[in-house]
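Trainee: I would like to learn how to read domains, helix packing and chain contacts from a model. Where do we begin?

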Amino acid sequence: MRTKRNPIYKLILGEIEEEVRIHPRYADLQNQFGLLLMIEGEMEKAENHFLEALRLNPKYQEVILNLGFLYIEMRQWRKAEEIFLAEAKRHPKDGFIHHVLGILFLQTGRKKEAAAQIQRAVRCHSHYRDYYKRNGVCQRGVVHLHRKAEEALKKIHLNHHHAQYHNFVGLYLAKRGKSVQAVKELRKAARLKPDEFIFHANLGTAYYYQGAYPKAIQEFQKALKIDPFYGMGYANLSYVYGLMRRTQEALRAMKKAVQMNPRYADLHYNLALLYSDRKRYEEATYELKKALRINPNYLFARINLGVLYEDQKRWKEARREYRKILQITPDDEHIRRRLERIS
Amino acid sequence: MLKEDFVVQSNLRRVLIRTSINYSRMDFGTVKGVVYIRGVFQISHPTPDGDEEKMKNLTINTLYSLEKKVRGIPGVSDVIFQLLNWRKERGQWVPIEMKKKEEEDENKTESDL
């Protein structure tokens, strides 16, 4: 399988190849290189890199799936089936895995088992229900695997690694500040595999960089609907609300982010800012203290805490914090002036 | 003037992400409209020929540009840079010997906190 060559492809391939040469023990790089080779149609080489990635990190799910799809491409049905059956056991609510299993069973003439997997995919995500309905595969809950439907189904198993590829290229472009092109690539990824939370999260981030805030919110919300435990998704959502000055919603999202990631000092700090902006001093103080407990060298948390004490006329505590700050950064004239004012 | 620190902080985060700065070794915070930027300042994509003078000029330009962008954020009343490898002296950005400064800062942090 060869995809239409993206002009940036050669550049990325060269960079990743060089990085793999420098860091051969990075499973992530081995996986990325394998994916690019697979898209280029270099199946044996791709297999070697996926296997190397799995040797380095046997539980790396993305690699496992990529290898499974590679075996489908190579028409090694048994190897592919083993991989996807194990994955379906591990992730019974992943519609795409059931969908792929359905196609695998179809390829090997096991229609009954294929129909059962398609039914499961329909139950996992509305995208599959709509897709099967459109292609005449599933009507009123009954699966019909006639010849035309089979042909339609066999095509979309390519979606997974095409989506991975577009996601990868999108992230590459985003890192280089090319947000318009990045959005294009990431949209392709999310369209090909709409139940993959990370594609929506990445697309949301690209929109955020671009300044398309309502679209960023929409994508972060989609990601969080798929994976409600994705803590950084709530944090990103909160930053976007912040940029739109929708601070009530920002506060709600940041509270969720802190709840999901209670060990991230930065999130406690941001939550404290939201509380102190609303003059909810007690809650702000609590969050800053939490941030400082996690990271005692978190200077900004200490500065904010001093200012917060000052706001509450708790002079002694404010002085204590300012003195600690000046011990670390004696050149800070703002803090020195603040300390002099209350001394 | 707007004094919502979280709004400033969100804008600041976006400004930093969108510049060609390697912000992985930098911290930033906002206190009553005053923005603090600390850490090691580095450009994420160095000049391809590795020319030190070009790199220095590029870094200086990026620092001026960053300062301008941060000051342009609504609600920002001042920007304080506490960088380990660059210092502003009489309005000019000058590189400082990082090792010495890092050691000084580390000693202070360990003994005082």
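Trainee: What distance separates the centres of domain 1 of chain A and domain 2 of chain A?

Mentor: Keep in mind that this is a predicted model. Start with the bounds: the domain assignment of chain A puts residues 9-159 in domain 1 and residues 160-246 in domain 2. Taken over C-alpha atoms, the centres of these two domains of chain A are separated by 22 Å.

Trainee: How many residues of domain 1 of chain A are in contact with domain 2 of chain A?

Mentor: There are 14 on the domain 1 side, and they touch 13 residues of domain 2 of chain A. Next, ask where the residues come from. On the domain 1 side, H2, H4 and helix H6 (95-107) of chain A each give two or more residues. H2(A) supplies the largest share of that side, 4 residues. By class, the domain 1 side has 8 nonpolar, 6 polar and no charged residues.

Trainee: At what angle do helix H7 and helix H8 of chain A pack?

Mentor: At about 125°, with the axes of H7 (residues 111-124) and H8 (residues 126-134) of chain A 5 Å apart. H7(A) and H8(A) are therefore oblique to each other. From H7(A), Ile118(A), Ala121(A), Val122(A) and Cys124(A) meet Tyr128(A), Arg129(A) and Tyr132(A) of H8(A). The class count for this contact is 6 nonpolar, no polar and 1 charged.

Trainee: How many residues does the contact take from chain A and from chain B?

Mentor: It takes 26 residues from chain A and 26 residues from chain B. On the chain A side, the elements giving two or more residues are helices H14 (231-243), H15 (247-260), H16 (265-277), H18 (299-311) and H19 (315-328) of chain A. That side of chain A has 12 nonpolar, 10 polar and 4 charged residues.

Methods
Residues are numbered from 1 along each chain as its sequence is written. Chains are lettered from A and ligands numbered from 1 in the order in which they are written. This is a predicted model: local features need pLDDT of at least 70, side-chain atom pairs count only at pLDDT 80 or more; totals for chains, interfaces and linings use all residues. Two residues are in contact if their C-beta atoms, placed from the backbone, lie within 7 Å. Ala, Val, Leu, Ile, Met, Phe, Trp, Tyr, Cys and Pro count as nonpolar, Asp, Glu, Lys and Arg as charged, and the others, Gly among them, as polar. Axes are lines fitted to C-alpha atoms, for helices over the stretch in contact, and angles run from 0 to 180 degrees between N-to-C directions. Angles under 35 degrees count as roughly parallel, over 145 as roughly antiparallel, 65 to 115 as roughly perpendicular and the rest as oblique. Domain bounds come from an automatic or database domain assignment.
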